[in-house]
Amino acid sequence: MSNLMAKLLLILLSLITFSAYSCQLDIRLQHYSPESTKSTSNDWFGIDIDLTEALLNEVQCNFNILEIPWARALLMLATGEIDILINVSKTHEREQLYYFIGPIRNEEIVFATYKSLNYNLTKIDDILGLDKPIAIQRNAYYGEALQRIINNEKYKELFVHVPSNEIKLKLLKRGRISGFLEAKRNVIHGINNDEIFAGVWFPALIFHKNPVYFALSKKSISVEFKQRISAGFERLVTQGKVKAIVLKHQ
């Protein structure tokens with residue numbers, strides 16, 4: 001084989017390798033402990049970055065982090081402006097727009113409020129008797145039973161739809177809401193680690209429990225690429241790496 005042919009073959013092999021094993025994806029994170037914490041030096045910590053980094057390293061992809069509120073991120077995922085979103089609940093409507101990889105772990109939703117307000121909630125319908133609205137994350141999914149109430153025009157005044165989690169606490173502090181719906185692990189972390197949660201408490205009632213997933217945009221991720229990422233996730237599960245990351249952050 002001539003030197004020229006050998007060089008051309010090396011170039012061709014390099015291009016094939018780059019095409020098969022290199023990629024650049026846009027992911028969404030937002031500074032909100034304990035899921036994701038951004039340091040003053042712009043480094044990210046928390047379960048979301050650990051899980052995402054493990055998955056994308058497994059499939060040999062680099063990534064850019066975009067800081068976007070949840071509701072906007074779901075819209076951008078649907079249009080392909082971002083590629084991957086973590087902690088997404090699977091619904092029939094969302095399955096038309098996103099591929100789902102997982103499940104990653106289970107999520108429990110509770111009602112966070114001030115203990116001094118003495119709200120005694122033992123079943124979901126008890127929220128209908130609250131004296132102030134409940135703050136909920138815009139475009140979040142809270143399970144079929146609660147979604148029926150949220151989507152009922154009769155009860156639209158019962159809910160305040162907010163774009164970010166930080167606003168929920170501000171509204172509670174100002175006395176504008178009775179409380180807010182949030183992942184149980186986030187509320188516990190806040191109570192134990194953040195003074196802004198002083199006096200916050202939650203009843204034992206679990207409003208919704210379901211697995212959460214990585215969601216991939218069907219606009220920007222091909223079926224073949226989705227299969228590659230799915231296979232990578234299964235390898236992480238088999239190796240015990242997903243479980244180890246989840247346990248590390250409990």
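The model shown in every view is a predicted one.

**View 1. The largest pocket and the elements that line it.** In this predicted model, the largest pocket holds about 430 Å³ of space, and of its 17 lining residues, Arg105, Lys184, Arg185, His249 and Gln250 are the closest to its centre. Strand β6 (98-114) and helix α7 (184-193) each supply at least two residues of this lining, with α7 giving the most, namely six residues. Sorted by class, the lining of the largest pocket comprises five nonpolar, six polar and six charged residues.

**View 2. The second largest pocket, with a volume of about 330 Å³.** Among the 18 residues that line this pocket, Arg94, Asn139, Ala140, Tyr141 and Gln147 lie nearest its centre. At least two lining residues come from each of α3 (70-79), α4 (92-95), β7 (134-137) and α5 (144-150), and the largest share, three residues, is that of α3. The lining of the second largest pocket has ten nonpolar, six polar and two charged residues.

**View 3. The largest cavity, one of two cavities of 30 Å³ or more in the structure.** The volume of the largest cavity is about 410 Å³, and its lining consists of 24 residues, of which Trp70, Asn87, Glu107, Asn165 and Glu182 lie nearest the centre. Each of β5, β6, α6 (165-173), β9 (179-183) and α7 supplies at least two residues of this lining, which divides by class into nine nonpolar, seven polar and eight charged residues.

**View 4. The second largest cavity, with about 30 Å³ of space.** Its lining is formed by Ile27, Arg28, Leu29, Thr52, Ile84, Leu85, Ile86 and Phe214, and the elements that give two or more residues to this lining are β1 (24-29) and β5. By class, the lining of the second largest cavity contains six nonpolar residues, one polar and one charged.

View 5. The side chain of Ser89 makes a polar contact with the side chain of Asn210 at 3.0 Å. With neighbours within four places in sequence left aside, Ser89 is in contact with Arg94, Phe100, Glu107, Tyr141, Asn210, Pro211 and Val212.

Note on methods:
Residues are numbered from 1 along each chain as its sequence is written. This is a predicted model: local features need pLDDT of at least 70, side-chain atom pairs count only at pLDDT 80 or more; totals for chains, interfaces and linings use all residues. Side-chain values use heavy atoms; hydrogens and water are left out. A polar contact is a pair of N or O atoms within 3.5 Å; within protein, one must be able to donate a hydrogen and the other to accept it, and residues adjacent in sequence count only if both atoms are side-chain atoms. Contact means heavy atoms within 4.5 Å. On a 1 Å grid over the protein atoms alone, a cavity is a set of points where a 1.4 Å probe fits but cannot get out, and a pocket is an open set with protein on both sides within 12 Å along at least five of seven lines; lining residues have an atom within 4 Å of a point. Grid points are joined across faces, edges and corners, and a volume is the space filled by probe spheres set on the points. Helices (H or I, at least four residues) and strands (E, at least two) are DSSP runs, numbered from the N terminus. Ala, Val, Leu, Ile, Met, Phe, Trp, Tyr, Cys and Pro count as nonpolar, Asp, Glu, Lys and Arg as charged, and the others, Gly among them, as polar.
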